[in-house]
Amino acid sequence: MKTQFRYHIRPLALAALAAAAGLGLYAALAPAPQPTGVALAAVPYYSLPFGPGENGEDRPFWPSRMQSATGRMTDPERLPSSAECGSCHRVEFEEWAGSLHAAADRDLVYESTVDANVDLLRHGAEQGRFCEGCHAPGEMLAGRVTRHVAVPPAEALTEGVSCIACHTATHADPVEGNGALTLAYDRAEAERDGPQGAALLADPRAHLAAYGAPDTTKLLAGSEICGACHTEAYDLSMSRAETRQDVQSTFVEWRDSWYARNGVTCQDCHMADDPAAQVMALREGRLDKPARYSHRFIGANHVMTDTSLGDTLSVLRGGLLPGVDRDLNQATLTEQARQTTEFLKTAAGLELRGTTATAEGLHVELAVQNLGAGHNLPTGVNDQKHMWLEIHLTDATGAEIFRSGGDAERLGVEDPQAVAWLEHFLDNKGQRITGHLTFATARVEWVRKPIPPRGEELVGYDIPLPADAKGPFRLTAQLHYRVALPDLIYQNLRRTLPVPSFTLAELTADLPEQAR
């Protein structure tokens, strides 16, 4: 062995010297890395109508609480699109492409609502930063959310909540919310320098530093990163509200729940490879983490995954994403729809708790249960997302003798008599706003407060019975969920598109004759 080593030591040494010389030559000839980002003052015509912060600092994204890690804007030409990420991370890209995150800034309903809002108050397009901080962080960091847009578009800016939006996050404030994320897009810019792929092959550590830095990796594992956007409050900086009005409190709802106390994060349910199975396991008290996390971000917006809408769905989602053809779009949305449907079925339950005779007829009591949501039911921006009960009672002949909440489902409009879990936006005259006009809102009030995680609400009905009504009586009840009011579509989209509801839970019960 010693003889062989002496024999090979010379060529080995020469090879090592050649390799060192090659690396040195590469370092010498490689172009110097460009400085990352763009100075705020270098973005043409970028307006700051909201003025400086309490300490005199610039607030380029206000009233969004989003921040740039470097204090600089980003160079959109140097940002990788999610389609580029998908060249290596193909499974994750195809999952993400069907998600609501991917369509967050392309969603036609969202876009039309932003347009309606920026026409209010005096700051115009700059008011849209409140929305775009969560829906289009790339557009925000590039300086395109301003009244005189001089920054050219780029593919990476069309993708809503893209790969780099989460994978360069360094800090989140989930209680402050309103987009309170700090994003280090400079990492994405620096890592992308050089021919595509060459930098990764030459130095995989640079790729890891850009998208797997310890601060980002830690943040991605917890619910705080979700809460930065899934917490929303209005104040005088961007609405008519004189005191803080909590509009969306999903993070706090989770934080104060059984789920948070048992270490169950947002990601454990919404990013599980099989979200419905994961929720059912949690309902049974099993706390195992998912074997794999998916990038579908399954949630409650069943309309934006409803492939039965055909080309209308593509229009509503803003067309095809970069790197996504019609076949892939159809396939990923079909799976997204299937998982969303199964996921929603795990959320709620209905139970008949009692039926008693009254002088006028019957008193019926139903328990509406939050069985599987790790936050309130409903949650989110609940001037739009809401649920209601539909009740029918028929007699022995099948004739209907009582109905409540049925008009909303039958006619596609609100039924003011229905038992509904919904919040109202009110203007400064106390008039209801149905078009989600954030900047005109002065106060938010609940019609009926939502049901907390693992909680329930008892709902009673006093049902008058005709004197000649004969039992046994049959009671049917359905708990419906809808992601938007028909008024929103009509006012902002100027269309009369139906907004289909989803039945979260239902029951049928036969009431004996003596229950009368």
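## Lining of the largest cavity

Helix 17 (311-316) and helix 18 (326-344) each contribute at least two residues to the lining of the largest cavity; helices are DSSP runs of H or I with at least four residues, numbered from the N terminus. The model is predicted, with local features needing pLDDT of at least 70 and side-chain atom pairs counted only at pLDDT 80 or more, while totals for chains, interfaces and linings use all residues. Residues are numbered from 1 along each chain as its sequence is written, and side-chain values use heavy atoms, without hydrogens and water.

The lining consists of Ala97, Ala103, Arg106, Leu313, Ser314, Arg317, Gly319, Leu320, Leu321, Asn329 and Leu333. By class these are 6 nonpolar, 3 polar and 2 charged residues, where Ala, Val, Leu, Ile, Met, Phe, Trp, Tyr, Cys and Pro count as nonpolar, Asp, Glu, Lys and Arg as charged, and the others, Gly among them, as polar. The largest cavity lies between domain 1 (40-248) and domain 2 (251-345), because both give residues to its lining; the domain bounds come from an automatic or database assignment.

## Number and volume

There are 2 cavities of 30 Å³ or more. A cavity is a set of points, on a 1 Å grid over the protein atoms alone, where a 1.4 Å probe fits but cannot get out; lining residues have an atom within 4 Å of a point.

Among the lining residues of the second largest cavity are Tyr185, Asp186 and Glu189, along with Arg72 and Met73. The lining divides into 4 nonpolar, 4 polar and 3 charged residues.

Notes
1 Å grid on protein atoms, 1.4 Å probe; cavity = no way out; pocket = protein on both sides within 12 Å on 5 of 7 lines; lining within 4 Å. Points joined across faces, edges and corners; volume = space filled by probe spheres on them.
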